[in-house]
Amino acid sequence: MTVELRHLRYLLAVAEHANFTRAAEELHISQPTLSQQVKQLEKALGVQLLDRTGRSVRLTDAGATYLHHAREVLRDLAAGERAVLDVQDLSRGHLRLAVTPTFTAYLVGPLTGEFRAAHPGISLDVREMTQDRIEAALLADELDLGVAFRGGHLPGIDSAALLTESLSLVVGRRHPLARRRHPLPVAEVAEQPLALLSADFATRGHIDAYFAQHRAQVRVAVEANSVTALIEMIRRTDLVTVLPDAITREHPELHPVSLEPGLPTRTACLLRRESAYRSAASRAFVRIARRSVRDGGQS
């Protein structure tokens, strides 16, 4: 018997769901048919791929090894299909992009606007994700490009610098600190109730590292998983946050407060999987992003 692509997809579905019934529902085939197909695959390979003795189905050691290679085959096949459909004149195509939350607030709008104006035939799938999820999705070939931050990337991720981002302490216009004309010593931040992004965001790690480096004991009163939510809180309360200067400039109701010593800048990057196929659409987006940042003076 010859191993066919459907066998790989069937095995992958069973492994992901750890259950034949749910995998069969996803594949739109009957459970007996799915079970028979997986048994045929095991027979062709001469090894047991699944342990069916427990409440849930799990991979054997041989199954886990085989599935690793099966995933690579399916991923490369999907990349090949996209390469065949890729149109070099950019009259049509598709681009899958993900950005971290701070970039959703000020960067993704202008970039996608310019890209759509230049290439209206290209469809865009834009998602907001944390940096670790972006890198995992790139490696799984679920994304073409990501916009995140430099440093500590997973093996297999290629990073190219895009812009330098600066940050400041931020308050609402009616906050007493909004009238301050001199930098605020970092130790005095301890007197302010902070509202920050939650700990699973790269921005929060950057902020926490700064306060830890300067031994500043701060009080985090609110954590949020949305930059938009932070902006609304700062506008309407006595809370204080830390935001990129590019966001603060776009919201006149927000007021930046310099810190002493200043918050360190960080480098935003375009992320790709090292071995990924570079479609015409992805190459065009990279060109537009670099030109936009250069001409617009983002920092």
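Q: Phenylalanine 149, buried or exposed?
A: Phenylalanine 149 is buried, at a relative accessible area of 5%. Buried means under 20% relative accessible area, exposed over 50%, and partly exposed in between, using a 1.4 Å probe and protein chains only.

Q: What kind of model is this, and which cut-offs apply?
A: This is a predicted model, where local features need pLDDT of at least 70 and side-chain atom pairs count only at pLDDT 80 or more, while totals for chains, interfaces and linings use all residues. Residues are numbered from 1 along each chain as its sequence is written, and side-chain values use heavy atoms, with hydrogens and water left out.

Q: How many aromatic pairs does the structure hold?
A: There are four aromatic pairs. Rings of Phe, Tyr and Trp (its six-membered ring) pair if their centres lie within 6.5 Å; planes under 30 degrees apart count as stacked, over 60 as edge-to-face, and the rest as tilted.

Q: What is the geometry of the pair of phenylalanine 103 and phenylalanine 149?
A: That pair is tilted, with 5.0 Å centre to centre and 35° between the planes.

Q: Which parts does it tie together?
A: Phenylalanine 103 sits in helix α5 (residues 101–106) and phenylalanine 149 in strand β5 (residues 145–149), so the pair ties together parts that are 46 residues apart in sequence. Helices (H or I, at least four residues) and strands (E, at least two) are DSSP runs, numbered from the N terminus.

Q: And phenylalanine 103, buried or exposed?
A: Phenylalanine 103 is buried, at 1% relative accessibility. Phe103, Phe149 and Tyr106 form one aromatic cluster.

Q: Now the sheet. What is the strand order?
A: The order is β4-β3-β5-β14-β6, an open sheet of five strands with mixed pairing. β4 (122–128) and β6 stand at the edges with a single partner strand each, so one side of each has no neighbour in the sheet. On average, neighbouring strands are turned by 20° against each other, direction ignored. Two strands pair if DSSP finds at least two bridges between them.

Q: What does β5 pair with, and in which sense?
A: β5 pairs with β14 in the antiparallel sense over four bridges, and phenylalanine 149 stands opposite alanine 268 in β14. Three bridges join β5 to strand β3 (residues 93–99), and these two run parallel. Leucine 97 has leucine 145 in β5 as its bridge partner.

Q: How many residues of β14 are buried?
A: Seven of the eight residues in β14 (residues 266–273) are buried. Eight bridges join β14 to strand β6 (residues 157–165), running antiparallel. Alanine 268 in β14 is also the bridge partner of leucine 163.

Q: Which strands does helix α6 lie across?
A: Helix α6 (residues 108–118) lies across β3 and β4, at about 170° to β4. Axes are lines fitted to C-alpha atoms, for helices over the stretch in contact, and angles run from 0 to 180 degrees between N-to-C directions.

Q: Which residues of α1 are buried?
A: Among them are His7, Leu8 and Tyr10. Just after α1, alanine 18 takes a positive phi of about 55°.

Methods
Contact means heavy atoms within 4.5 Å.
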